[in-house]
Amino acid sequence: MRRGQRDSGGTPPYIPCMSQSLPDPLEQWFSSRGWTPRRHQMDMLAAARSGDHALLGAPTGAGKTLAGFLPTLADLIDSPGGGLHTLYVSPLKALAVDVRRNLLTPIEEMDLPIRVETRTGDTPSDRKARQRARPPEILLTTPESLSLLLSYPDSFLMFAQLRTVIIDEVHAFATQKRGDLLSLSLARLQAINPALRRVALSATVADVDAYRAWLAPDGDINSVTPVIGEQGADPNVAIFIPEGRIPWSGHSGKYAAKQVMAEIERRQTTLIFCNTRGLAELIFQELWTANDANLPIAIHHGSLSVEARRKVENAMAAGKLRALVATASLDLGVDWGNVDCVIQMGAPKGSSRLLQRIGRANHRLDCPSEAILIPGNRFEYLEARAALDAVEAGERDADDFRPGSLDVLAQHVMALACAAPFREEELLSEIRSATPYSALTDDAFANVLHFIEGGGYALRAYDRFKRLTHEADGTWRVSHPRFIQQHRLNAGIIVDQPVLDVRFANGRKLGTVEEGFAATLRPGDSFFFSGTALEVVRMDLTDLIVRATSKQARIPTWGGTRMAMSTRLADRVRHFLAEPEEWYRFPDDVRDWLEVQKYRSALPEPGQLLIETFPHEGRHYLVCYSFEGWNAHQSLGMLLTRRMDAQGLMPLGFVSNDYALAVYGLKPVTDPQSLFSADILDHEFVEWVEQSSLLKRAFRDVAVIAGLIERQHPGKRKTGRQVTFSTDLIYDVLRKYQPDHLLIKAAWADARARMTDVGRLGDLIDRASATMLHIDLERVSPLAVPVLILIGREQVAQTAAEDALLIEAEALVAEAMRTD
């Protein structure tokens, strides 16, 4: 079968359980707990004993992690021996720590001589050195830490006897740059030991064959056995609507804080998910204000210090917390059996994400998980309802596999060069065995090598970019030992925004805030962080020194790409609008909203693009209802205002959410079709991206990943300003003298896919040319209210301003809902 080719029929076959027996200690351990191994656990053992790679799709609570490790435990019981046997790779440090804690329980209860250790960026350096010299039988790590291990000469010895690699929560990173790095690392491990078995685990894989192709060496999906676990009890999921009404705008669900606190009081432990770190800080403060019973609640997100996160994780594992407010930092795999309810604040954005988060409750296959969704506004209610329907229908969000990124490839090649010199043709063959790079051309690979060799044509005069040397015998080697240290200090795929450490005067670190937010602060200003109100004492190049305060404080902001509603949820919402017979399921105020919209204007059919134009308070508005997500709408807003300006329509600005885009100006738009013509992506889009900061931001990220720019020097860390300044200078040079440079191309790919969501933007433009329905109204429509209310709310509003905005919103609603 050719690389990436799929079995006919699409759906993987049922894999019967082969007759397999467990070693006596495992049999006795299961019996002592009153358990019988599940069918999919035994099927994973059968696949291992057949020497096959395996992909397990099983719901949370089905013993998925144990299924992945069962062959390892059985093998180590039957054939104990030194050396690294199994490598476990997870997307999160917290997951590795949690799995170690849970894996040690059966090992200790069976009294097995098996060492289990974790290796992440938080692992002390002395332990890292010991692990390379005397590795444990089972090592739990992340893609970045694995890549660093492969950069050492002793990696060939360390991984020579490696039997199995287990990839947990594979859906969380396979389609992203971290997945590219892991796929390349797997190719290297397979080259070191061709008998290596690959295993991947997930609860939410939509396209099993696509993941089998990603997992398999050379993309041969027939070498990967699909194992499908039995389905558990259907979850109990409710949409919570306090007092029977849903706000017109907002996305936090904070209006329900008292009711959420009541849910916390009547349950053992509640996990409360928010889509952003800023929202998590906001919701924690709202809940703390409503926490009259003074229950122990905490907060967890990726910007908090390692110590703060570990303290919270341990408290949850020990059952000491009644509630934890968290972001995506905890929606993967962490097994806390005492969680009996999950609450999602705001819209879930995707059925797979919702299912993953629901699965954090109960963690028992035969018990239904309980979850509550709290929509932030009326559109979010429709999205929440669509997500519930998708979960009930077993529908998962589609995953977008794409060719591997060249900046990641450059980092990987440098890592391998740090371990040993290599020959070009041999390494290219190894790299092509990784499915994301299976179509890598000779020329593209040569460009990567020459980039590492000297930085490219425009940078060839600078010695600091000459990291590789091509020897006369045809081998490539690292030019100087300092580049090896430089690589190990700076390797990694996750490029954070420039940050400052938040510290108390005694040096204790609380976490990090982005430089952009820190720049808005002055001594005496206050902000909430880690659930505490902090006052700024002073600021230096790398630190924000704070002290606790009782003063009023604001919520920090974090940049980055927002999660957009998935395309499948967007399709379901569009169908809701076009199917009045479904509206009986909606609350009265949502149903009234849609009915008045249908009476006064129109509701778009699926696939149709509704455009409304109307005057309001001296301005002329155009509102586009496309449901393509905030990123695509932000990009379109920039493009439309440029085109409106060129047409003399005098645009003033735009505002958007996941569902709609509103553009406003001094002159009416009478021909929206001309604004949405397909050439907008060929002309205005390219010009806008090149003139905006988007391409420079994307270039900064790819330059850091590819190793062109250092984040850290020995003994000190560059500030975000220094990194940005360096990348901006190089960007300007390359744009002028080598516009076809590998990193410029990589930056364009990132800007298109990640920052502007050009794929969904293109779909929107295509739909506009064929299906646009333009309704010209005398005044604002009901459907436009949620997005128009956003105007004026971008700035941090004080209480008086909030009151004025509330009065303005009430007047807008009254005008929109009039039927005369």
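How many aromatic pairs does the structure hold? It holds 19, where rings of Phe, Tyr and Trp (its six-membered ring) pair if their centres lie within 6.5 Å. This is a predicted model, in which local features need pLDDT of at least 70, side-chain atom pairs count only at pLDDT 80 or more, and totals for chains, interfaces and linings use all residues. Residues are numbered from 1 along each chain as its sequence is written, and side-chain values use heavy atoms, leaving out hydrogens and water.

**View A. The ring pair F284 and W288.** The ring centres of F284 and W288 are 6.0 Å apart and their planes lie at 10°, so this pair is stacked (planes under 30 degrees apart; over 60 is edge-to-face and the rest tilted). Both belong to helix α11 (residues 277-289), where being four residues apart separates them by about one helical turn. Helices (H or I, at least four residues) and strands (E, at least two) are DSSP runs, numbered from the N terminus.

**View B. An open sheet of seven strands.** Follow the order β3-β4-β2-β5-β6-β1-β7, with parallel pairing (two strands pair if DSSP finds at least two bridges between them). β3 (116-119) and β7 (224-228) stand at the edges with a single partner strand each, so one side of each has no neighbour in the sheet. From one strand to the next, the twist averages 20°.

View C. Angles run from 0 to 180 degrees between N-to-C directions, with axes fitted to C-alpha atoms, for helices over the stretch in contact. Helix α9 (residues 208-215) also packs on the sheet and touches β1, β5, β6 and β7 (contact means heavy atoms within 4.5 Å).

**View D. Helices α14 and α20.** Helix α14 (residues 378-392) packs against helix α20 (residues 567-578) at about 115°, with the axes 9 Å apart. The two are therefore roughly perpendicular (65 to 115 degrees; under 35 is roughly parallel, over 145 roughly antiparallel and the rest oblique). Among the residues that meet are L382, E383 and R385 in α14, and L569, R572 and F576 in α20.

**View E. Helices α22 and α28.** Helix α22 (residues 630-646) and helix α28 (residues 758-771) pack at about 60°, their axes 9 Å apart, and are therefore oblique. A632, H633, S635, L636 and L639 in α22 meet R760, L761, L764 and I765 in α28.
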